[in-house]
Amino acid sequence: MGPRFPVALCFAAFVLFPTRVGAAPAQESPAKSAVPTTTSAKASENDSNSSEAYVFDLIQTRIAFEADGKGYRDLVARVSIKSESAVREFGLLTYPFASSFESLEVIYARVRKPDGSIVETPASDIQELDSAVSREAPMYTDQREKHIAIKSFSAGDVLELHIRWTIHEPIAPGHFWFDHNFFREGVCLKETLEIDVPRDLPVRLRNSDPQPSVRDDGARRVYTFEKVNLKKREESKTPAWEKNYRGIPPPDVQVSSFSSWKEAGDWFDALAKPKAAVTAEIRSKAEELTKGKTTDEEKIRALYDFVSSRFRYIGIDLGLSRYTPHSAAEVLVNRYGDCKDKHTLFAALLQAVNVAAYPVLISSSYRIDPSFPSPSLFDHVITAIPQGESFVFLDTTSEVAPFGLLVRNLRDRQALTVLPSQGTRLIATPANPPLPNYEVFHIDSSIDTKGTLDAKMKLEERGDGELALRLVYRATPQNNWQELTQKIVGGMGFGGTVSNVSVEQPEDTAQPFWISFTYHRVDLPDWKNHRIVFPAPPIFIQELNEEQKLSKDPLPLGSPQEVTYESTVKFPKGFSPLLPQKVERKYDFAEFSATYSLKEDTLHGTLHFKTMLNEIPGTDRSKFSSLAKAIEDTERSYIFLKGDFLSTGILGGVIPPAMFFGNSTAAIPQLEQALEADPDNDALLIRLSSLYCEDGRASEAVALLKKAIDAHPDVPEHLHVALGKAYLRIPDVEKAMPEFKQGLGNDDENSGLNEVAYALAEAKVHLSEALEYSSRAVKGLSEKTMDIRPEDAEPSDFSLMLQLAANWDTLGWIKFRASDFPGAEKYLQAAWEIVQGAVIGEHLVETYEKLGKKEKAAAICNMALSSYLPGDPATHEKLSGEMTHLRPFLTNTSGLSGASRSAHSVDGGVALSDMRNLQVPFRTKLQANFVTGNFLICVSNGLKSNDAVFLSGAEELRGAIAALAALKYPQSFPDDTPARVIRKAILSCSIYSKNCTLVLMVPTDAAVPVPLRVPAPTNPG
């Protein structure tokens, strides 16, 4: 939940004058209040600002205060208007003022034309109106606005403005305060701020850069700030939930006449305390509400529930209605009030039953500087009740918040607790809620043979999550609760319909809040493809962007919480799921698990997420990213089904995997039968079309795919890609390219990018497009590899290594086709070093031959013929032919790129093995004659050292990490794009050998197949 920002007082065009004044507009928002400023004709001619919509030549602010708190604020501004958008932005200016204690005078608003002529905006074009805030709550604020419609205004003009606020009745007699932020939202050639105060008054000043000049002028002291802003502030990519977690930093400049927080508290207490007087009506109501209550806690809870839930909250920030509350007796009769009114009634009722309560001034937006006493940043009032040496903090404005629950942006904040008898002071509010913070979702569901899901669901919330739900259900008529529940459930990703909705009464805050309902969904997504997504809502965990990942600051998590999603799915007779693998991640700050069990035809699964800390150390941000990735992968994983699907009965229920992955055209008749029985199965369709092309029947593949596409209401991207590949095999390149473009889009993680790029390279057509697609794919994949954390690597991460090798191979092959042989060598060599597949090897052989590197070509060809990934018959035939003329160049050392070399390396299989064997200079005391350890090796480009992680094995080998990290591995990188290669390895050490031996595992051994994942899964609903 983000910070609650004050009401905006001016239009967005005027975010340049962030000012809060304690005797001018007392509650101008430092983020939203504004004053237009101007730019001279000279500035408009500045070529460096030619692209700006407007440029400020001058923003001049002058504040003057007297000892009694009276004073004025002057604003002079000039802005050069360079575009029609700026004309619209500045054409109507709006300025607020508090009519009960100040006046606003427009001294001039005029336009200076390019020819030097001046057009004044007459007083008749300036209107005085009630502000939006005062229209919403006329009894609670005297705020009004002046609206200035600039006359004869167009691009090329210079707008000039002079406005003055005059304080004729101070908010706090004998005191004043003022806040200011310098303009950073565009170009300002000169900004000045002048603060004029009595010299003999002990005024406090707090500021960041720039530093002021100070001069004494008789009985006055003047502080002058000057600033230039030549470009718009670049927004940080760190989101507000992290950047402003502890509140927005204080304004650039603050002035206050208060000498201490006690003095500020005494002033507010003098306003509020008389209003909390106990009248006969107050006492009678307090006695009625606490009748039968024997302890103070019972009485406090009863009175809290009454004031919180029975009195409507008028959401006006502290100060917009001045600082004096209405009397408790008035609020009791009115049945509504703002924050200070609700506190006043609550305090009076408590006083009537002999319980002391005190007001607390707090900011929902800003960090408070403890060394600078000023009420300017406080925008809310809550209640503090002494409990021994500490306090219970209560906020009655939330209406349906459980007892003691403060919203997130009021927790762990410095707040001014007004304690006249004990010493008013800043006290930190609690960092966490006083009650458990959890969410539980139970789903009990069943699916029939047609893929229709019926379920009973119940959501239970306690803590932060329940308040928003209570408020929205309370604000909705009960006869519309089913419609509201439908929207909430839809927002969780469930697309079915709800009925029989039952909801805990929003006002019963003593109990957790829950919603229960029945759920019905027909045509469950992917049921026809024999798979489902585990039925559960998403766990909302924020992904980190690159700027956040690089930060060393602690990462806020918020208050500890626990999320449990428990779901059962009963499948129809004859169907059962392939049980998903257990997922478990544990860190000091959080833990996540996904566990599954199967009993007969019913799948039970539990997703559990728990945080234990309020913030993560900056050094653990990578672990947070790994956790987020694990959760996302789990939520997106398919659960595959087996059983008597009607559409696959012709094959006995389960399609043999070889039918999808085999290269033989002999599978065509079986695939045709399967597709006839299951016409919506895209996997069958694409495999059959591919084999048609291999069998020289590309036109049949085109017809098959076009028919399927015509039958699809929303054509999947992969069908367009498959159709494009079929057109290439006809060949009809010009029809292929539009299909490819439709199928690819702008997603750099689209798996079709590499597929299309390789197809174009094979056909040797549109190589520039192929290069673009492949480059995008490589970039996106390389970025994904950088998210891998060696200490948390999973099988899916090792699968990325296979993909990276394939993508590098494609890009290298495209460069080869374009006759960029040196460029091809770099990508193909890097791909070969990861995966010694026959296809990659064949591409590298051809490249080395073009470069005249016959010995290297011979070595690679020899190994590729013995590859554990032999490729198709055509590839083997090519390699055999190349080996015939390369054999004279084959030696026992050629082309092995830094790997160990043996006298027998002319044997291709031995040479491949040698590539993965490295000698490690490591000695330690062994517990046996021969020991082994399993490690993960991580090599990244651009880094000075590698990473090594001990996984298991002989504990004494854990000390080899440094030696392994310092080793030179046979892995190159083709370009400067950050990428990471991980390998599993076995370290063997013997008392009889000087060095240890490290054997890098074949990547396919580590990359255990994982369930396919949907790009953006839909819950079973």
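Biologist: Are Cys989 and Cys996 buried or exposed in this structure?

Modeller: In this predicted model, both Cys989 and Cys996 are buried.

Biologist: What makes the pair Cys989 and Cys996 a disulfide?

Modeller: The sulfur atoms of Cys989 and Cys996 are 2.0 Å apart. Two cysteine sulfur atoms within 2.5 Å are counted as a disulfide, so Cys989 and Cys996 form one. In general, such a link is a covalent bond between the sulfur atoms of two cysteines.

Biologist: How many disulfides does the structure hold?

Modeller: The structure holds one disulfide.

Biologist: Why is the disulfide of Cys989 and Cys996 called right-handed?

Modeller: The reason is the torsion about the S-S bond, which is about 115°.

Biologist: Why does Cys339 count as buried?

Modeller: The relative accessibility of Cys339 is 1%. Buried means under 20%, and therefore Cys339 counts as buried.

Biologist: What makes Cys861 buried?

Modeller: Cys861 has a relative accessible area of 0%. This value is under 20%, so Cys861 is buried.

Biologist: Where does Ser83 lie?

Modeller: Ser83 belongs to the loop between β3 (71–81) and α2 (84–90).

Biologist: Why does Ser83 count as buried?

Modeller: Ser83 has a relative accessibility of 19%. The limit is under 20%, so Ser83 counts as buried. Leaving aside neighbours within four places in sequence, Ser83 is in contact with Ala53 and Ala155.

Biologist: Why is the link between the side chains of Ser83 and Ser85 called a polar contact?

Modeller: The side chains of Ser83 and Ser85 are joined at 2.8 Å. A polar contact requires a pair of N or O atoms within 3.5 Å, one able to donate a hydrogen and the other to accept it. The distance of 2.8 Å is within that limit, and the pair is therefore a polar contact.

Notes: Residues numbered from 1 in each chain as written. Predicted model: local features only at pLDDT ≥ 70, side-chain atom pairs only at ≥ 80, totals over all residues. Heavy atoms only, no water. Helix = DSSP H or I, 4+ residues; strand = E, 2+ residues; numbered from the N terminus. Buried < 20%, exposed > 50% of the residue type's maximum accessible area, 1.4 Å probe, protein only. Contact = heavy atoms within 4.5 Å.
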